[in-house]
Structures are given as C-alpha cells and as structure tokens.
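Here is a short briefing on one protein model. Please look at the sequence and the 3D view, then read the points below.

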Amino acid sequence: MVDNQMILIRILGLFKLIAYKLFYRRNISFSHTVFFHPLASISIDRKSKIDIGKHVHIERGVTFSIKSGCVRIGERSMLRRDSFFEVCGGGQLSFGSHVFINRCAQVVCLGTIHLGDNIACGTHL
C-alpha cells in the first residue's frame, strides 16, 4: 500500500510540474528525475526564472515565491517540508549540488545568496 501511495504522489507531483511548465513556459526548467510533492508550490512572475536540477527532492509544503528574481537548485539537493523561499527585487538564490535544507526554513532574498556544494542547514533556518 505504501509503495502505491508513493508512486501516486510522485505522479501527481510530476503532473503539477508539467502544469507549471505549460503555464510559465520559459520561466521554469526541471529534469524529469525531480521529486516535487503535489503540496509544494511555485509562484513566479514573467521577469523571473527557476531552474531545478536533476534528482532534486522537494517535499510537501515547500513554497517558492519569485518576483523579479532567479532561483537555481543544484542536482541531488533536498528541500524538506514546510520551507519558504522568497526572491524579489532582482535577487538571485542558488543552491549548489547535494544541498540539504531541513524543515521549516525561511529564506528571503533581495540580493544574492549562494549556498555551495555539500551544505546542510538545520531546522527553522
């Protein structure tokens, strides 16, 4: 039962990403190997961009709000549940490869924030 439930969650998340791609077109790019939970969300305007690398794991409750900015998530990164990322005012938020952001993180980026490769952040960042 658990395996079937996980497969369904993966399929629903992939459909949600495809819907985002159809709606936002050039503003979003991702690999088919991304796990995007159906209860995660992306809000992005026409001047913004988000690039999600291969084998990225985005759990439920993760929210991206991008207003005139850019987000890049490196491959094999994990963003845990209930985290919030806001980029505005031309900001640039980038995560390197193998980045782990634990639960309930909140990041607001007005300038440039870059987390390099192999970084782990604790809860309630």
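Phe23 is exposed, with a relative accessible area of 64%. Here, exposed means over 50% relative accessible area, buried means under 20%, and partly exposed lies in between (1.4 Å probe, protein chains only). Tyr24 is buried, at 14%.

This is a predicted model: local features need pLDDT of at least 70, side-chain atom pairs count only at pLDDT 80 or more, and totals for chains, interfaces and linings use all residues. Residues are numbered from 1 along each chain as its sequence is written, and side-chain values use heavy atoms, with hydrogens and water left out.

**Aromatic rings**

- A pair of aromatic rings is described by the distance of the centres and the angle of the planes.
- Rings of Phe, Tyr and Trp (its six-membered ring) pair if their centres lie within 6.5 Å; planes under 30 degrees apart count as stacked, over 60 as edge-to-face and the rest as tilted.
- The whole structure holds five aromatic pairs.
- One of them joins Tyr20 and Phe36, edge-to-face, at 6.1 Å centre to centre and 90° between the planes.
- Tyr20 lies in helix H1 (residues 2-24) and Phe36 in strand E2 (residues 35-36), so this pair ties together parts that are 16 residues apart in sequence.
- Helices (H or I, at least four residues) and strands (E, at least two) are DSSP runs, numbered from the N terminus.
- Tyr20 and Phe36 are both buried.
- Phe23 and Tyr24 have ring centres 5.0 Å apart and planes at 75°, so their pair is edge-to-face.
- Tyr20, Phe23, Tyr24 and Phe36 form one aromatic cluster.

**The sheet**

- Four strands form an open sheet, in the order E3-E6-E9-E12, with parallel pairing.
- Two strands pair if DSSP finds at least two bridges between them.
- Strand E3 (41-44) and strand E12 (106-109) stand at the edges with a single partner strand each, so one side of each has no neighbour in the sheet.
- Strand E9 (residues 84-88) runs parallel to E12, and four bridges join them.
- Glu86 has Val108 in E12 as its bridge partner.

**Positive phi**

- Most residues other than glycine have a negative phi.
- His55 is not a glycine, yet its phi is positive, about 60°.
- His55 sits in the loop between strand E4 (49-52) and strand E5 (57-58), and is partly exposed at 37% relative accessible area.
- Cys104 also has a positive phi, near 60°.
- Cys104 is in the loop between strand E11 (100-101) and E12, and is partly exposed at 23% relative accessibility.
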